[in-house]
Amino acid sequence: MRKLCMCLFACITLTSYAQLQNNEVWKLPEMGQGAVRQLIRIPDIQGYHTLKCDFHIHTVFSDGEVWPSARVKEAWRQGLDAIAITDHIEYRPHKDQLSGDFNSADNIARKTANDLGFILIKGSEITRQKPLGHLNALFLTDSNPLDVKDPLQAIDIARSQGAVILWNHPGWPDNQSTIYPVHEQLLANHKIDMVEVHNYMEYYPLSFDWITKYNIAPSANSDTHNTIENEFGTDRMLRPMTLVFAKDRSEAGIKEALLARRTAALFNGNVMARQEWAEQLFRSSIAYRIIRQSEGMVMLEVENRSDIPYTLKNSKNDLMVLPAQKAVILNLIPGERLRVMNVFVGHNRNLEIPVE
């Protein structure tokens, strides 16, 4: 196996530099970055794979500005494991310029996803004004039947295809995160599986408590319409994403995890998750060794092995920062509880970790 890997590396190296170089043409293949993938280091937990996903993305087949295959390529380059293209059913401003139906974006993107070994989830956005608002149907088999007048019928059609339903940006566009009777009905009938606690560049603190109250999964997504670089820059960690704790790296594995509510929302350096998954994610990210211990105090070297920086406060409200991929020295009191200020387990509730 090692010999095979070395031969493969040698072939790649020779191929990369066996390019035309003379007085007529001097090619510079090293300038190309299309095949370079950034890595996002977030640990696996409790035997599950931690997959980085974006379940809310638009293309030119609704009101986006990007071709479907380009969506897959930019997500792959930024280190994601899966995306769902969720173009609007009811809003297609470019339809006079583009032929095709509601499955076209997925059909175009799927070849690129298969070529890259990337997970592409078939989805569509049911787009209505409040009180219902917008909902994404994920894991569809056919988006065309969702084009009906009654949005509740569209949800039922999606569910009949085995879809997972994501409630999008509950605080948009009126800056009020309201659960209306129609949502109460859908939640009571188990027709909403997830909610965006973060969308694009805003988040909804009240929705943090809905996760446990209604047994739904938290999600953070880009809702990108432009190129992801134009909206969030090239820093892969600024892109919102849903962390999915899946049994295996597959579309089926992601769907099973969503239905089991094993997710965390990651946005702007913050994490929102149920207590169980928030704690496991933090503990899997951190390693430490004791430097010295005296009565009432312990000095630790604490290593943060993830790309998520963590901010802590002790019982005295002292601020401590654990930078991503670095180690720091902390003096702590055994038995005190540390609040992880950028990890939320509810509205105004942070993850707490005891110093053991």
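**First stop: helix H2**

Select helix H2, residues 68–77, which is mostly covered, with 7 of its 10 residues buried. Buried means under 20% relative accessible area, exposed means over 50%, and partly exposed is in between (1.4 Å probe, protein chains only). Helices (H or I, at least four residues) and strands (E, at least two) are DSSP runs numbered from the N terminus. This is a predicted model, in which local features need pLDDT of at least 70 and side-chain atom pairs count only at pLDDT 80 or more, while totals for chains, interfaces and linings use all residues. Residues are numbered from 1 along each chain as its sequence is written, and side-chain values use heavy atoms, with hydrogens and water left out.

Show the side chains of Pro-68, Ser-69, Arg-71, Val-72, Glu-74, Ala-75 and Trp-76: these are the buried residues of H2. What covers them? The cover includes strands E1 (49–57) and E2 (82–85) as well as helices H3 (104–116) and H7 (228–232). Move on to Gly-79, which follows H2 and has a positive phi, near 95°.

**Zoom out: the whole chain**

Display the protein chain as a cartoon; it has 9 helices and 18 strands. The C-alpha trace spans about 75 × 70 × 35 Å along its principal axes. For 356 residues a compact globule would have a radius of gyration near 21 Å, and the 23 Å of the protein chain agrees with that. The radius of gyration is taken over C-alpha atoms, and the globule rule is 2.2 Å times the number of residues to the power 0.38.

Of the 356 residues, 50% count as buried. Among contacts (heavy atoms within 4.5 Å) with a separation of 6 or more, residues 24 or more positions apart account for 64%.

Colour by charge next. The protein chain has 38 positive and 42 negative side chains, and the centres of the two sets lie 5 Å apart. Lys and Arg count as positive and Asp and Glu as negative, with His and the chain ends not counted; the place of a charge is NZ of Lys, CZ of Arg, CG of Asp or CD of Glu.

Go to the loop between helix H8 (251–259) and strand E10 (263–267), and select Arg-262. Is this residue buried or exposed? Arg-262 counts as buried because its relative accessibility is 5%. Its side chain makes a polar contact with the side chain of Glu-256 at 2.5 Å. A polar contact is a pair of N or O atoms within 3.5 Å; within protein, one must be able to donate a hydrogen and the other to accept it, and residues adjacent in sequence count only if both atoms are side-chain atoms. A polar atom of the Arg-262 side chain also lies 2.8 Å from the backbone oxygen of Phe-245. Not counting residues up to four places away in sequence, Arg-262 touches several residues, including Tyr-48, Leu-243 and Trp-277.

Select Arg-261, which is in the loop between H8 and E10. Phi of Arg-261 is positive, near 70°, in a residue other than glycine. Arg-261 counts as buried, at 11% relative accessibility.

Select Asn-342 in strand E17 (residues 337–346). Asn-342 is buried, with a relative accessible area of 6%. A polar atom of its side chain lies 2.7 Å from the backbone oxygen of Pro-309. Leaving out residues up to four places away in sequence, Asn-342 touches residues including Gly-269, Ile-308 and Asn-350.

Continue to Asn-348, in the loop between E17 and strand E18 (349–354). Asn-348 has a positive phi of about 60° although it is not a glycine. With a relative accessible area of 66%, Asn-348 is exposed.

Most residues other than glycine have a negative phi, and most peptide bonds are trans.

Which bond to Pro-131 is cis? It is the peptide bond from Lys-130, with omega near 20°. Pro-131 is in the loop between strand E3 (119–127) and strand E4 (134–138). A cis peptide bond also joins Trp-172 and Pro-173, with omega about 5°; Pro-173 is in the loop between E5 and H5.

**Last stop: Thr-178**

Select Thr-178, in the loop between strand E5 (164–167) and helix H5 (181–188). At 25% relative accessibility, Thr-178 counts as partly exposed. Leaving aside neighbours within four places in sequence, Thr-178 is in contact with Trp-167, Pro-170 and His-183.
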